[in-house]
Amino acid sequence: MYAIVEMAGQQFKVAKDQKVYVHRLQTEEGKKVVFDNVLLLDDGKNVTIGAPAIDGAAVEAKVVKHLRGDKVIVFHKKRRKGYRKKNGHRQSLTEIVIESIVAKGAKKAKAEPKKAAPKKEAAPKVEAPKAKAAPKKEAAPKKAAAPKAKPAKADDLKKIEGIGPKIASTLVDAGIATFADLAKAKPAKISEIIADVRGNHVTDTWPAQAKLAAEGKWDELKKWQDELDGGKA
């Protein structure tokens with residue numbers, strides 16, 4: 001005898017004494033759990049199909065333990081964008097053992113109706129005496145607004161090997177306008193900012209180049225750039 005039943009959002013074909021791994025259940029280890037959404041039953045002679053579930057049928061199981069599944073690697077990549085992201089995931093699971101399959105007589109647990117809270121009688125409203133309007137104060141003279149500080153002058157980011165006019169303007173719009181700003185940025189963050197710029201851009205050396213430019217080490221930067229190819233070592 002076997003049954004097809006929905007457990008924790010998934011459908012399983014189960015039989016008695018079978019071990020099944022389902023998505024994590026809230027039931028504690030060692031306790032029993034009942035699944036009443038049985039879609040199909042086969043007792044060896046007759047096959048009963050639910051519409052969508054079979055009324056009165058249920059699968060009784062016992063929770064053995066809670067565990068986590070094997071690690072799954074999730075890798076994202078965008079062509080010609082220099083974007084790569086790698087994550088791992090382990091699904092939370094529950095191991096259960098099927099103890100019995102009930103064809104008829106199982107009762108679905110009904111949620112207890114919530115008791116309505118007794119209505120409170122509204123207290124009679126008492127009008128508060130109206131307060132006298134306070135005399136209007138003379139408006140203080142407005143202070144002259146302080147002059148806005150001028151923004152720092154942007155550096156020519158095109159002096160970094162691998163950065164063209166389009167990338168330079170994109171970085172400035174994102175708040176990276178100087179060599180010092182670029183030196184503090186991470187290559188992955190820079191790749192996200194310029195993701196829409198056409199071409200294959202390698203940003204690994206840009207912060208280090210920008211640091212040399214910010215410190216005024218132009219000879220050292222020029223020597224290094226002669227060894228680079230589009231910003232790539």
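View 1. Strand β1 (residues 2-7) runs antiparallel to strand β2 (residues 10-15), and 6 bridges join the two; strands are DSSP runs of E with at least two residues, helices are runs of H or I with at least four, and both are numbered from the N terminus, while two strands pair if DSSP finds at least two bridges between them. M7 stands opposite Q10 in β2. The hairpin has 2 residues between its strands, and A8 takes a positive phi near 55 degrees. The model is predicted, so that local features need pLDDT of at least 70 and side-chain atom pairs count only at pLDDT 80 or more, whereas totals for chains, interfaces and linings use all residues. Residues are numbered from 1 along each chain as its sequence is written, and side-chain values use heavy atoms, with hydrogens and water left out.

**View 2. The open sheet of 4 strands.** Its strands follow the order β3-β10-β7-β4 with antiparallel pairing. Because β3 (19-23) and β4 (32-35) stand at the edges, each with a single partner strand, one side of each is left without a neighbour in the sheet. On average, neighbouring strands of this sheet are turned by 40 degrees against each other, direction ignored, with axes taken as lines fitted to C-alpha atoms. Between β4 and strand β7 (residues 58-68), which run antiparallel, there are 4 bridges, and the bridge partner of V33 in β7 is A61.

View 3. In helix α1 (residues 165-173), I167, A168, T170 and L171 are buried (under 20% relative accessible area, with exposed meaning over 50% and partly exposed in between, for a 1.4 Å probe and protein chains only). Just after α1, G175 takes a positive phi of about 100 degrees.

**View 4. The aromatic pair of F179 and W218.** A search of the whole structure finds 1 aromatic pair, where pairing requires ring centres within 6.5 Å, and planes under 30 degrees apart count as stacked, over 60 as edge-to-face and the rest as tilted. The ring centres of F179 and W218 are 5.9 Å apart and their planes lie at 75 degrees, so the pair is edge-to-face. F179 is buried, with a relative accessible area of 7%, whereas W218 is partly exposed at 37% relative accessibility.

Methods: Rings of Phe, Tyr and Trp (its six-membered ring) pair if their centres lie within 6.5 Å; planes under 30 degrees apart count as stacked, over 60 as edge-to-face and the rest as tilted. Axes are lines fitted to C-alpha atoms, for helices over the stretch in contact, and angles run from 0 to 180 degrees between N-to-C directions.
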